[in-house]
Amino acid sequence: MSRPYGGAAGTHMFFGLLSIAAGISWICILYFYQPLFVDGKSILSGFSEWVSVVMSAKIICGFWFFLTGAVGCCIRTRGCAEGVWVALNVLNVIIWAPALLLIMGALLTLLIAFPTLLASSGVDLDDLSGIFVQYAWLYLFPGIGVLVGVVEFILSIVSYSIVCCCRPASVDQGYEYQYEMK
């Protein structure tokens, strides 16, 4: 039997892995990349612990996007796995995609428009501005988070709609064959 939702599920998995990889890379770069150090310390050392939690939003949300895709790849016939996939898509639309979009959008806005708020955490404003001017590619990481949040929001709505309204024939046939054999 084929996997009727394989395309949408694979896309969920791809964007989940992209989000996880971008989240881990960004945190590692900000903590360990030597040119970003100020006075011998990471630029994040002046911030409280909640900043690391906020920055890990891409990893947490990416895990749920990947899990949604993995469940979608397991669907062969109509049944429990299909219901779980619908529930995960609904959670993506209600919780995970908006959370990722809002957190990364707010972080990107803070980096671009309000660096003085970030500088109030103990990092010198001139050092912080100089780092983000010299290393402008650092804006890419929250930008990826915003992109993944938008794509996952749309993809989850489309995936949910496919299951509820436009079920592939192969899923219905598997369900009918199950009852004919018994």
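1. Basis. The model is predicted: local features need pLDDT of at least 70, side-chain atom pairs count only at pLDDT 80 or more, and totals for chains, interfaces and linings use all residues. Residues are numbered from 1 along each chain as its sequence is written, and side-chain values use heavy atoms, with hydrogens and water left out.

2. Helix 4. This helix (a DSSP run of H or I, at least four residues, numbered from the N terminus) covers residues 80-113. Helix 4 has 34 residues and spans 47 Å from first to last C-alpha, close to the 50 Å expected (1.5 Å times one less than the number of residues). A bend of about 50 degrees occurs at Asn92 (the angle between axes fitted to the seven residues ending there and the seven starting there).

3. Helix 3 with helix 4. Helix 3 (residues 57-73) packs on helix 4 at about 160 degrees, with the axes 9 Å apart (axes are lines fitted to C-alpha atoms over the stretch in contact, and angles run from 0 to 180 degrees between N-to-C directions). That makes helix 3 roughly antiparallel to helix 4 (over 145 degrees). Contact (heavy atoms within 4.5 Å) involves residues including Trp64 and Phe65 of helix 3 and Trp85, Asn92 and Trp96 of helix 4. By class, the contact residues are 16 nonpolar, four polar and one charged (nonpolar: Ala, Val, Leu, Ile, Met, Phe, Trp, Tyr, Cys and Pro; charged: Asp, Glu, Lys and Arg; polar: the others, Gly among them).

4. Helix 1 with helix 7. Helix 1 (residues 6-32) and helix 7 (residues 140-165) pack at about 160 degrees, their axes 10 Å apart; the two are therefore roughly antiparallel. Among the residues that meet are His12, Ser19 and Trp26 in helix 1 and Phe141, Pro142 and Glu152 in helix 7. This contact has 12 nonpolar, seven polar and one charged residues.

5. Helix 1 with helix 4. Here the angle is about 35 degrees and the axes lie 14 Å apart. Ala8, Ala9, His12, Ser19 and Trp26 in helix 1 meet Trp85, Asn89, Asn92, Leu100, Leu107 and Leu111 in helix 4. These divide into seven nonpolar, four polar and no charged residues.

Definitions and conventions:
Angles under 35 degrees count as roughly parallel, over 145 as roughly antiparallel, 65 to 115 as roughly perpendicular and the rest as oblique.
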